[in-house]
Number of protein chains: 2
Amino acid sequence: MNGAGHVVRRLATPPPFGAGMEPGPGSGSGSGPGSDPRRWGPVCCVLTGASRGFGRSLARLLAPRLGSGSVLLLLARSAAPLAALEAELRGSSPGLRVRCVAADLGCEQGLRQAEAAMREVLPSVPTGRLLLIHNAGSLGDISKSFLDLTDPDEINNYFAFNVTSPLFLTSHALQAFGKRPGSNRTVVNISSLCALKPFKSWALYCSGKASRDMMFQVLALEEPDIRVLNYAPGPLDTDMQLLARTETGDPEMRQHFQSLQESGQLIDCTVSAQKLVTLLEEDTFPSGAHVDFYDI
Amino acid sequence: MNGAGHVVRRLATPPPFGAGMEPGPGSGSGSGPGSDPRRWGPVCCVLTGASRGFGRSLARLLAPRLGSGSVLLLLARSAAPLAALEAELRGSSPGLRVRCVAADLGCEQGLRQAEAAMREVLPSVPTGRLLLIHNAGSLGDISKSFLDLTDPDEINNYFAFNVTSPLFLTSHALQAFGKRPGSNRTVVNISSLCALKPFKSWALYCSGKASRDMMFQVLALEEPDIRVLNYAPGPLDTDMQLLARTETGDPEMRQHFQSLQESGQLIDCTVSAQKLVTLLEEDTFPSGAHVDFYDI
């Protein structure tokens, strides 16, 4: 029996971010060294965890690509580095509307601040292009083994920040943005190898990342008009990696992270962020896929 | 550089539950129809979600296998069916210590009740065999799509019950039981195909199950002396399946579950629970593995 009245709604294939690009403000030749990047046209972009590390590198790469009429909404817990980034981006991309919200996405108040900003900003941007990037995340207390995780508040808080917040922000952002004809709505989850593979001392991080990957696979299945990407950025040279090689309880794991650094295998955030930008411009990934830095 | 002072502790290979079995109280021939099952010797067994469905079927299969000196600690939210099961098991297995705790594992109070019971019961059982089975779980509101999941409390409560509680119970149970010479400590996570594969309308369930599987893979890696199994019991003929075929928001998914029932493909809980019991008796699964009903 077919479900009478059930119609699969499929909008016309939306254009990728790289399609119909405006000429860049500089040479216009695109990706040559020293040249300005091509612009994508107007995009409504939301980025969490923007104040440092991978998020900040990504914000710096995205800003010059966002064409006139774009808005870049940056979220992070720390107000001062977020304000510094905002000032920097306003200086380097004077035509871009940059809006910052300092909010702790691990608590209800922070989620409501983010929701209010999205409800104010997203409907006001006259573009079909929405780019939502969930970069915020935490390691949890990696000095502890699984058997040390005995405090329910600690575990609940971990999942509130790392799993509930990206789900909440996605549903609210997509509702605030609405459906627009010929739109390209893209949701990026900053994932990890830990979503696929267990690591000692990292029970919270691994299970949180596995949960996020799966959640966004469900979104991809439910919403064929939304492009969904789980991007694992590789072992980045960030404060989080510093924690990994100094705080990880398991000595073998700690040694592994130390040797990654000593042998120069850590990846510069800008290099990995550039790969993500290229993935978004090419827009050929299967929606819901887990794509690793080393795969491409 | 080797971590000085780091010694890998590996106890002697622990015996499986089926090893050194006592003769059953009946024919003693084991698995023939109508015969009593062989007994495993003394086991300290903790089972959540015990009052109905798969958990109840499993409790009924386990009780006659637990040898003298065993304790069966049953947890569930609903007091009345739990008390009825306790009475039934005491009648059919008169030598067995059955202890019931009616507690909502989705809230701190319920977790503390469970913790208190485990701290009282587990150290008092003079056996090296611990069997901890995480069967409790919920579907979440499957009438909603991903984009309808806008309430952070609803999402947090889902993960508190389905992810935090098995992690909390595992760490507390293993701490309360302690390390004992030649022990066999086994932790079973009742998993699902949804841990591996996304399904429409089931964002919470899929991401919760993916999270649990990964969490227990980390446990298996950290604790080579503990046996860890993620068992997916197949599509069971339970109240949860009734919800699946009547409440699932996505019409294709609902239809899928209806057809599973109409074509007689739902699995009797006892049949699937028996497969799990056999897996535990054989004890040959790789620790941390995801084993599906249909794989064996």
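Which residues in H4(A) meet which residues in H5(A)? The views below take this and other contacts in turn. This is a predicted model, in which local features need pLDDT of at least 70, side-chain atom pairs count only at pLDDT 80 or more, and totals for chains, interfaces and linings use all residues. Residues are numbered from 1 along each chain as its sequence is written, chains are lettered from A and ligands numbered from 1 in the order in which they are written, and side-chain values use heavy atoms, with hydrogens and water left out.

**View 1. Helices H4 and H5 of chain A.** From H4(A), the residues are A:Ile155, A:Tyr158, A:Phe159, A:Asn162, A:Val163, A:Pro166, A:Leu167 and A:Thr170. They meet A:Leu204, A:Tyr205, A:Ser207, A:Gly208, A:Ser211, A:Arg212, A:Met215, A:Phe216 and A:Leu219 in H5(A). Contact means heavy atoms within 4.5 Å. By class, this contact of H4(A) with H5(A) has 11 nonpolar, five polar and one charged residues. Ala, Val, Leu, Ile, Met, Phe, Trp, Tyr, Cys and Pro count as nonpolar, Asp, Glu, Lys and Arg as charged, and the others, Gly among them, as polar. H4 spans residues 152-177 and H5 residues 203-222 of chain A; their axes come within 10 Å and cross at roughly 20°. That makes H4(A) roughly parallel to H5(A). Axes are lines fitted to C-alpha atoms, for helices over the stretch in contact, with angles from 0 to 180 degrees between N-to-C directions. Angles under 35 degrees count as roughly parallel, over 145 as roughly antiparallel, 65 to 115 as roughly perpendicular and the rest as oblique. Helices (H or I, at least four residues) and strands (E, at least two) are DSSP runs, numbered from the N terminus.

**View 2. Helices H4 and H5 of chain B.** The axes of H4 (residues 152-177) and H5 (residues 203-222) of chain B come within 10 Å and cross at roughly 20°. H4(B) is therefore roughly parallel to H5(B). Among the contact residues are B:Phe159 of H4(B) and B:Met215 of H5(B). The contact of H4(B) with H5(B) divides into 11 nonpolar, five polar and one charged residues.

**View 3. Helices H3 and H4 of chain B.** The axes of H3 (residues 108-121) of chain B and H4(B) come within 9 Å, crossing at roughly 20°. H3(B) and H4(B) are therefore roughly parallel to each other. Residues of H3(B), including B:Leu111 and B:Met118, meet residues of H4(B), including B:Phe168 and B:His172. Seven nonpolar, three polar and three charged residues make up the contact of H3(B) with H4(B).

**View 4. The interface of chains A and B.** Chain B gives 53 residues to the contact and chain A gives 53. About 4,400 Å² is buried between the chains, and carbon and sulfur atoms give 70% of that. Buried area is the accessible area (1.4 Å probe) that two parts lose on being put together, summed over both. B:Phe146, B:Leu147 and B:Met214 supply 17% of the area that chain B buries against chain A, more than any other three residues. Between chain B and chain A there are zero salt bridges.

**View 5. A salt bridge in chain A.** A:Lys200 and A:Glu252 meet through their side chains in a salt bridge, 3.8 Å from N to O. A:Lys200 lies in the loop between strand S5 (184-190) and H5 of chain A, and A:Glu252 in helix H7 (residues 251-262), 52 residues apart. A salt bridge is a side-chain nitrogen of Lys or Arg within 4 Å of a carboxyl oxygen of Asp or Glu. The count comes to 22 salt bridges over all chains.
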